[in-house]
Amino acid sequence: MSGRGGAPSRDQAAFQWLLSRDDEGDAPRQQGGSSSSSRRRSGGQAGRRRSGGREGRPFIPGFQLREEAAGPGAAAAAAAQGGARAAETTEPSALAALQEAFEGVLPAEVVADVLAACGGDAAAASEALLGMAGGGAGAGGEPAVAAAALATQEQAQGPTSSPGDGTDAASSPCYLHVLPEELKQLIFDQLSLRDLARAARTCREFASYVREQRSKLRTVVVPEGGSYTAVRSLVTAFANASGVSLARCSAQLRLQHEFEDMMQALALGEADRSSGVPISQVVLARCGAANDAVLSTLCDTFAHLKRVDLSRCTEVTDGGVARLAAYTRQPAAAGSSSEGEEDDAEQEEAEEQQEAVVAAVGGLQLAGGAAGPAVPPAMESPDSAVKRLAAQRHAAMMARSAAAARAQHGRPLACGLEELSLKETSVGARGTKLLLQPGSATGKSLKVLDVSRCPNLGGDALDLHPRAVLEVLRASGCNALRSVVIQLPPEAPLKTLQLDSCRQLHELVLVANKLESLNVSHCGQLRTVMLRCRRLRELRAVNCGSLNLAASELHCPSLEDVNLFGARQLDAEGLEAAAASLTKCKRLDLTGCTSLSRLLLPEAVFLQTVSVSGCGVLRQVLLASPALKELRATACSRLLDLRLGTASLAVLNLENCENLRDVQLSEAALGLAADAGAAPGAGQDEPARPKVSLVLRGCTSLPDEVKRRLRAAVLGS
């Protein structure tokens, strides 16, 4: 295409110039107009693509080098100066920063020459200048020079530097050696297994910390995405870990063969261990694809299991639980340290139980495999003779059991699992009965069972056998449970029972001598309870709106913490019926008991904290406990009389008790208030008072004299 007036266009002129020979000289320089400007543009592009000396350099229209314009003398001078001027023109800020940093140590010309020799690299120049200044800077000036050079290097790099562009990070300061050993251990405790493996390759100090973490770790958490070979190496590396958790890699375990391969890798890692510690705990929580076949594989693969967690494994049914009930744990090897300690503890516990049995039958000794016959008295009643013969027969039975145990040459009896979590599974009453029956191997050793939020658990699933050895039973959120009846002998070891959020539970009968904690909170349909628990210390019945203690039976003389928050049906008669079980109570929460009209506890002399806030019909309160420290009675609009026998009250909240007319405290409390008001003698330190609080807002009917006495007794003023 031609330009205006038949002249060639810019593209044509540029193309012709590119095809022209280098020896055409300055012919195109005579052309003007648009073709000249096009040649200048295209010539500039061609000149940027070509290189060489002045003699072999082609002509570039519209562009001329400085040495060509200044003449041969200037070009020679520029070539003689070399890269110093190039460094000054290209990196003026880096040169100025280096000269300022090494001012007084090295001449400015030397700094410029070093920067030019390093090709304008400020980092390399600072290192070279440091090496030059280290010999003559002296002991006192070298750190300052190093700091200045480091600042110069960072300033020269500017915002263009990044951790991934090859920047030297070793020059940055490290404060790890300043930290105490305890803090370093806490830092390494928070690292994952993958981070620990990376830290071990850093230095010897980190490697020693990682080895210590390996020795202390008890549960190996398998990360997601790891191969079976990596899992095997991981289990082998942490040789003292007796537990393995597959919760994080549950997404990659979907099929039966994947579970089999994973467990085979775990078994191979266990076999490769030099410590001999077996895997006794497996966590399969959140593995939704785990079913009864997986449990069968689990039992066949591991021979020393004690704890299994199957939380949220919804495919697990009574069939898989039956396999767990029949599981028999093999005794651990003698070389395993952690398992050996547990076996020693079990052996000591068995010896203590045997001594207790011997003491219970009258001190009969089991020496020689038979019990010594008791000498009957000359005159003996029939009842005493029957008891004596029964004791002799029991001693003989224990002797035969001891002889059978000795016949096994010290081998322990076969036992199963000790802890099992079946939370949010499909297990029903049949599965729990198989677990808890004394004939199964697991039934002889199971101590902790969690069947919370199992929708199929109902009926008589929690009716424990009298010979059950269960210590902790959790059945929270089992909405199919309607009645729970547990009657155990005095020697049964059950200590904790949790039945909270069982919304359909309406009856509870519990006879357990060693029970210490009971939780039936949020059981809205629970109406009656029958508790015969001599060692029960904690009772939580929060938001049990239908609970009526008047129709219930409580024989719990050791109660210390009682929480009846929101028990709307609790009245004065029911609380007075349960007063015999509150003689040792220390904390009592009756907040929101809207049917409670009076609170009279003259025999509860150990009470320390009482809350009756929100009891709208409460009229009278009598608390004779001298140890009472905190009383909260807010929004008790009908409260008229308050009598307290305490001498150490620290918190008293009577907000919005508008009808309260009188508050009586013990004379001891007033005497202590008077003593506290006296100034301490010379040389005596004022005793530290606990944090006190007195709230009387909204008590419009309370006389000023009573308020003054309360301030003196509580606040000491």
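**Note on the predicted model**

1. Cys 615 is buried, its relative accessible area being 0%. The structure discussed here is a predicted model. The closest cysteine sulfur to that of Cys 615 belongs to Cys 593, at 5.2 Å, which is too far for a bond. A disulfide requires the two sulfur atoms to lie within 2.5 Å.

2. Cys 313 may be read alongside this. Cys 313 counts as buried, with 0% relative accessibility. The closest cysteine sulfur to its own is that of Cys 287, 5.6 Å away and too far for a bond. A search covering the whole structure finds zero disulfides. A disulfide is a covalent bond between the sulfur atoms of two cysteines.

3. The next point concerns aromatic side chains. The structure holds two aromatic pairs. One of them joins Phe 188 and Phe 206 in an edge-to-face arrangement, with 5.3 Å from centre to centre and 75 degrees between the planes. Phe 188 belongs to helix α10 (residues 181-189) and Phe 206 to helix α12 (residues 204-216), so this pair ties together parts that are 18 residues apart in sequence. Phe 188 is buried at a relative accessible area of 6%, and Phe 206 counts as buried at 18% relative accessibility.

4. Phe 188 also forms an aromatic pair with Tyr 209; this one is tilted, with 5.1 Å between the centres and 40 degrees between the planes. The pair links distant parts of the chain, since Phe 188 is in helix α10 and Tyr 209 in helix α12, 21 residues apart. Phe 188 and Tyr 209 are both buried. Phe 188, Phe 206 and Tyr 209 together make up one aromatic cluster.

5. Gln 185 is placed in helix α10 and is buried, with a relative accessible area of 14%. Leaving aside residues up to four places away in sequence, Gln 185 touches Tyr 209, Glu 212, Gln 213 and Lys 216. Between Gln 185 and Tyr 209 the C-alpha to C-alpha distance is 7.3 Å, although 24 residues separate them in sequence.

6. Helix α16 (residues 318-325) has Asp 318, Gly 320, Val 321, Leu 324 and Ala 325 as buried residues. Viewed down the axis of α16, the buried residues fall within an arc of 155 degrees, so they line one face of the helix. The cover over the buried residues of α16 includes α15 (292-301), β5 (419-421) and α19 (429-436).

7. Leu 462 lies in the loop between β6 (448-450) and β7 (472-474), and it counts as buried at 3% relative accessibility. Apart from residues up to four places away in sequence, Leu 462 touches Val 451, Leu 457, Leu 473, Ala 475, Leu 481, Val 484, Val 485, Ile 486 and Leu 499. Among these contacts is Leu 473; the C-alpha atoms of Leu 462 and Leu 473 are separated by 9.0 Å, and the two residues are eleven residues apart along the chain.

8. Strand β19 (residues 620-623) and strand β21 (residues 641-644) run parallel and are joined by four bridges. Within this pairing, Leu 623 stands opposite Leu 644 in β21. Strand β21 also runs parallel to strand β23 (residues 662-664), to which three bridges join it. The bridge partner of Leu 642 in β23 is Val 663.

9. The last point concerns helix α22 (residues 704-715). At 1.5 Å a residue, its twelve residues should span 16 Å, and the end C-alpha atoms are 16 Å apart, which agrees. The buried residues in α22 are Val 706, Lys 707, Leu 710, Ala 713 and Val 714. Seen along the axis of α22, these buried residues fall within an arc of 130 degrees, so they line one face of the helix. Just after α22, Gly 716 adopts a positive phi of about 75 degrees.

Terms used:
Residues numbered from 1 in each chain as written. Predicted model: local features only at pLDDT ≥ 70, side-chain atom pairs only at ≥ 80, totals over all residues. Heavy atoms only, no water. Buried < 20%, exposed > 50% of the residue type's maximum accessible area, 1.4 Å probe, protein only. Helix = DSSP H or I, 4+ residues; strand = E, 2+ residues; numbered from the N terminus. Arc of directions from axis to C-beta. Contact = heavy atoms within 4.5 Å. Phe/Tyr/Trp six-rings, centres within 6.5 Å; stacked < 30°, edge-to-face > 60°. Expected span 1.5 Å × (residues − 1). Pairing = 2+ DSSP bridges.
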